[in-house]
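Here are a few notes for a colleague opening this structure for the first time. Please keep the sequence and the model in view while reading.

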Amino acid sequence: MKKILFILIIFFSAFIVKALPMPVNITSNSAVLINMDNDQIVYEKEPDKEQILASLTKIMTAYTALQHIENLNERVTITEKDLSRLEGFTCAGLEVGDVVTYLDLLYAMMLPSGADASQTLAFHIAGSNEEFVKLMNQEALNVGMYHSNFADSYGGDDNNISTARELAILLREALINPTFYKVFTTKRYTLSNGLQVVNYTDPTAEFYGFDTSIILGSKSGYTPEAGLMLVSTAKINGVNYALVVCKSELNKPLTNHVIDSFKVYNYVSNHHYETRDLLKKGMLLKKIPVLDSTISEYPVEVLEDVSVFLSDEDYDKVTYDYHLVENLSTNNKAGDNLGYVDMVVDGEVIASYNAYLKEDIFEVKKESKLFLVILVFLAFFVLVLLSTNLIASKKN
């Protein structure tokens, strides 16, 4: 039973899909574009490089808060403690004595990136920043962010770190929550105390003439150390995307993160993408000779479809590199790796399929060998006899 389970696990992970490099030049030193409909990373640039998060920390703050808030409409009174030690950080404009809801605080934190709202959430949910940070780091582990760390609720500490890949993981999980999705995709909101808050990604994009309808939702971040950062979602030609750009170069109006994001989205908009089957289940990869066995060759077949989300141009460039064993013997058992096939675009491996032996290779029994020898001898004897008779008949 254990052997069967092991083989099933091998087959389940028989192929790996990899992303292509970013198809456009962007100033950010790390980026990931993900197809949210199938969770495949389409393009990447240094996706595992460690990044200071700045205000992107607030995505985890929102996610964590939503795991612990029982009533989003519960009212909270803003205190001096809630607003303390935030000098120099972007705030939404909350004042001592304001009465707002937890939902208001989420909007005030996410749209204008209000550190005042972040800290208020931390204090009223967990009692202190320190206790709330413990919750944030636990939620990070829960969603699979194993190379991330959170040190405060609003992104002021440079020890808030993660990677573009893990930010994409967090965003995917957070967007499952309908409240997070609603907040993340809202561009303007009025709190119950009358305070209006705005997400400034659209006005920035409009300044450069970009089509603002492309981006559905976004969260920006910036410190001189972290650089310019933007996490966003878009729907293009019916496909849902998420894009993370980290540490875009600092320009004078501090807009390169938005420019980088629209460069990627505009490229995708101008090309046709769809899921392509690069290998189909049942396809024959190779017939491998088998030594000293009951079979002379073993047909290596594809055991599951290998599908990759590609543009027309990239699909036309796909080539296949085969790295399969030259022969098999009776030493080979079910589950043995037979090699792999790489699918390549412009020298970049976009998918790898590992082939495995489905069943043991059985040795030819000694009795069978003797029978085969006798059979060959008899066949040779009959052939000689027939030839002799044929020659004799021609002479007559």
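How do the axes of helix 2 and helix 3 cross, and within what distance do they come?

1. This is a predicted model, in which local features need pLDDT of at least 70, side-chain atom pairs count only at pLDDT 80 or more, and totals for chains, interfaces and linings use all residues. Residues are numbered from 1 along each chain as its sequence is written, and side-chain values use heavy atoms, with hydrogens and water left out.

2. The axes of helix 2 and helix 3 (residues 102-110) come within 10 Å and cross at roughly 170 degrees, which makes helix 2 roughly antiparallel to helix 3 (over 145 degrees). Axes are lines fitted to C-alpha atoms, for helices over the stretch in contact, with angles from 0 to 180 degrees between N-to-C directions; helices are DSSP runs of H or I with at least four residues, and strands are runs of E with at least two, numbered from the N terminus.

3. In this pair, K58, I59, T61, A62, A65 and L66 of helix 2 meet L106, M109 and M110 of helix 3, where contact means heavy atoms within 4.5 Å.

4. Helix 2 (residues 57-68) also approaches helix 5 (residues 129-143), their axes coming within 9 Å and crossing at roughly 95 degrees, so that helix 2 is roughly perpendicular to helix 5 (65 to 115 degrees).

5. Elsewhere, 4 strands form an open antiparallel sheet in the order 1-20-19-18, strands being paired if DSSP finds at least two bridges between them. Strand 18 is joined to strand 19 (residues 337-345) by 6 bridges, and L324 has G339 as its bridge partner in strand 19.

How values were computed:
Parallel < 35°, antiparallel > 145°, perpendicular 65-115°, else oblique.
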